[in-house]
Amino acid sequence: MRADERSQEPWAVMNGIDVLVAEEFARLRNRRVGIIANHSSVDLYGRRSIDLLYACEDLTLTKIFSPEHGLQGTADTRIGDSRDDTTGLAVFSLYGETLKPTEAQLGDLDALVYDLQDIGCRFYTYITTMGWAMEACAQHRVPFVVLDRPNPIAGLDVEGPCSDEEHESLVAYHELPLRHGMTAGELARLFNEERALGTRLEVVEMRGWQRTLWFHDTGQQWINPSPNIRDETAALLFPGVGLIEGTNVSVGRGTAEPFHVMGAPWIQGTALSSALNELEL
């Protein structure tokens, strides 16, 4: 099924991009904008946010920025700059030699738009990319607009230890628990307030989303936000199972179900399973 043939439930949660379209792009009218986007940045009909902004006569989309995994969401290595085949616009990688937009890249923009599907885990790099982009926009006085999307593992449960301030990195931008229970728009507001970034921030909120909703409750089509997060269950397991990736234990990368399984040739599966079940996690 092609993206433009996707259907959605009539009651589906509207993402920020859908709200922006419904408002006829009024918030961005007469602005030159850039967008941080990838393959997950689509409206409820599967149309790319990039294409929707590019086609709008009331604004000018001038450039694209891509996060980890690139514009197509398939890369598993550092990536360089490229060009979008559909629009011909330059695509600047934020997961290569540069990790945040530069002064030159922001210099001709009236706003930078962020539209990426997060998965609700602190060490998922998209939210760090957002934070660093907010810092750059604050420094160069460029407004930052977040098109919000659901937290696929719901917004009520907050679990796991917090990161330490002295260990901030691409996988630990802010002192957050492993499962933070927030949307990208909510995190942007949190970052701006608690880190005193001074970003001119605007969040285009969703319509119809509630904290109790899991992704399967939203009526939206699932799109793998990255190569190994292939369903809602993987997103739920990632905050826990992902912690052991730095060890000599496999978490299923290279299998049909990444993060659904873990193991190693030397593990006694039955004993490990029993021990974990006794913990009543």
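A residue is taken as buried under 20% relative accessible area, as exposed over 50% and as partly exposed in between (1.4 Å probe, protein chains only). At 7% relative accessibility, Phe238 therefore counts as buried. The model is predicted: local features need pLDDT of at least 70, side-chain atom pairs count only at pLDDT 80 or more, and totals for chains, interfaces and linings use all residues. Residues are numbered from 1 along each chain as its sequence is written, and side-chain values use heavy atoms, with hydrogens and water left out.

The structure holds 8 aromatic pairs (rings of Phe, Tyr and Trp, the last by its six-membered ring, with centres within 6.5 Å; planes under 30 degrees apart are stacked, over 60 edge-to-face and the rest tilted). In one of them, the ring centres of Phe65 and Phe92 are 5.7 Å apart and the planes lie at 40°, so the pair is tilted. Phe65 belongs to strand β2 (residues 60-66) and Phe92 to strand β4 (residues 90-93), so parts 27 residues apart in sequence are tied together; strands are DSSP runs of E of at least two residues, helices runs of H or I of at least four, numbered from the N terminus. Both Phe65 and Phe92 are buried.

The rings of Phe123 and Phe238 have centres 5.0 Å apart and planes at 55°, so this pair is also tilted. Phe123 lies in the loop between β5 (111-115) and α4 (125-139), and Phe238 in helix α6, 115 residues apart. Phe123 counts as buried, at 13% relative accessibility. Phe123, Tyr124, Tyr126, Phe238 and Phe259 form one aromatic cluster.
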